[in-house]
Amino acid sequence: MENKLKEIKQKFLDEINKISSLKELENIRISYFGKSGRFSELMKDLKNASNEDKPKLGSLINSSKQELVAILEDKIHYFENLEIENKLKESKIDVTLPSNYQIGSKHPITLIIDKIVKTFEEMGFSIYLGTEIDKNEYNFDNLNVPLDHPARDSQDTFYIDDEYLLRSQTTTFQSHVLENKKPPLKMITFGKVYRGDEPDATHMPIFHQLDVMCIDKDLSLADLKGFLNNFAKKMFGEKTAVRMRPSFFPFTEPSVEVDLTCMKCGGKGCAMCKQSGWLEILGGGMMHKNVLEKAGIDSSVYSGFALGVGIERIVMVLTGISDLRILYDNDIRLLSQYR
């Protein structure tokens, strides 16, 4: 058996020195070390040896097998590395060639924010960015939101502790501004807000909001409508009309829902506006006297109007996108359309 083992080892070495691919190495592995390979046959033949020779021959077979397996693995690693090197050579990039990479673009939401900021700067408004974590006091109390209002429920608002929360509206920052600025005042604030909404075609638990506040002497609902007309024409086009409907918000009185002429059909009626000719775009009204008094502003001298709008809503109106969730999919087919 020892002579047979020497023959097998020599034949293995002769064959492995002639191979030129990983496939050939696999054939050798199966031929020598597989279930029906030559080393398996040697172990079967071991039963014919005497009891005295079995331990010695068994040890010799195993040590020889380990020696040859090590040689086989070295060869496998060599050809694997050679294959990688060949692939790298074939796929080498010529850095001197002109680039064919696509140039990135701003996200549709960012583009609309840029347009909003520019529009309000032209109208003389100051721009503010607030913190996304704020106190209950600013998010609810200073905005005349009662303790039993559904918005305060933990199912609707993300609370960090009893005092702090993720802001549910950018209106929150108006109170911060009024602590340091006094009327007359024209400002906008925008950014992310957080609410416990289930994602669907028109809702997300995180979205962007714009808030507008204007405080001066003798402001009325007529001033609000005049402002809305001016804003609508600048943002959506000269033919855009504004319609106001009665509504309710804790921080405004009277409160209104604001509709604009449907961008798609021009007011004639279509699927986008549900055949009404109008699209609901924002809510607002005249600032509640409690909000003004809480900020230390004499409501008998000053009045103001405020409004809030979801920026994704404006994006959907201007682009015709019917499901706001696709704005967060980062699909290049969508994003590349808006530059």
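**Exercise 1. Which residues of helix H1 are buried?**

Before the solution, a note on the model: the structure is predicted, so that local features need pLDDT of at least 70 and side-chain atom pairs count only at pLDDT 80 or more, whereas totals for chains, interfaces and linings use all residues. Residues are numbered from 1 along each chain as its sequence is written, and side-chain values use heavy atoms, with hydrogens and water left out.

Step two is to list the buried residues of H1, which are Leu5, Ile8, Phe12 and Ile16. These residues cover an arc of only 60° around the axis, which puts them on the same side of H1; the arc is that of the directions from the helix axis to the C-beta atoms.

Step three is to turn to the other side of H1, where Asn3, Lys6 and Glu7 are exposed. What covers the buried residues includes helix H2 (22-33), helix H3 (38-45) and helix H4 (54-90), where contact means heavy atoms within 4.5 Å.

**Exercise 2. Describe the order of the strands in the open sheet, and find its edges.**

Solution. The sheet has seven strands in the order E1-E4-E5-E9-E8-E7-E6, with mixed pairing; two strands pair if DSSP finds at least two bridges between them. Strand E1 (126-128) and strand E6 (242-249) stand at the edges, each with a single partner strand, so one side of each is left without a neighbour in the sheet. From one strand to the next, the twist averages 25°, where axes are lines fitted to C-alpha atoms, for helices over the stretch in contact, and angles run from 0 to 180 degrees between N-to-C directions.

The next step is to look at single pairs. E6 and strand E7 (residues 252-261) run antiparallel and are joined by seven bridges, and the bridge partner of Val242 in E7 is Leu260.

Helix H5 (residues 108-122) touches E1, strand E4 (185-194) and strand E5 (206-217), and its direction makes about 5° with that of E5. Helix H8 (residues 221-236) touches E5, E6, E7, strand E8 (278-287) and strand E9 (302-310), and its direction makes about 125° with that of E6.

**Exercise 3. Follow strand E5 and its pairing with E4 and E9.**

Solution. Begin with burial: E5 is mostly covered, since nine of its twelve residues are buried. Then take the pairing with E4, which runs antiparallel to E5 and is joined to it by ten bridges; here Lys192 stands opposite His208 in E5. Finally, E5 and E9 also run antiparallel, joined by nine bridges, and Asp216 stands opposite Ser303 in E9.

**Exercise 4. Which residues touch the most other members of the largest nonpolar core?**

Solution. A nonpolar core is a set of buried Ala, Val, Leu, Ile, Met, Phe, Trp, Tyr and Cys residues joined through side-chain atoms within 4.5 Å. Of the 47 residues in the largest core, Ile116, Phe120, Leu210, Phe227, Phe236, Ile281 and Ile311 touch the most other members. The elements that give two or more residues to this core are H5, E4, E5, H8, E7, E8, E9 and helix H10 (311-319), and the largest share, seven residues, comes from H8.

Technical notes:
Helix = DSSP H or I, 4+ residues; strand = E, 2+ residues; numbered from the N terminus. Buried < 20%, exposed > 50% of the residue type's maximum accessible area, 1.4 Å probe, protein only.
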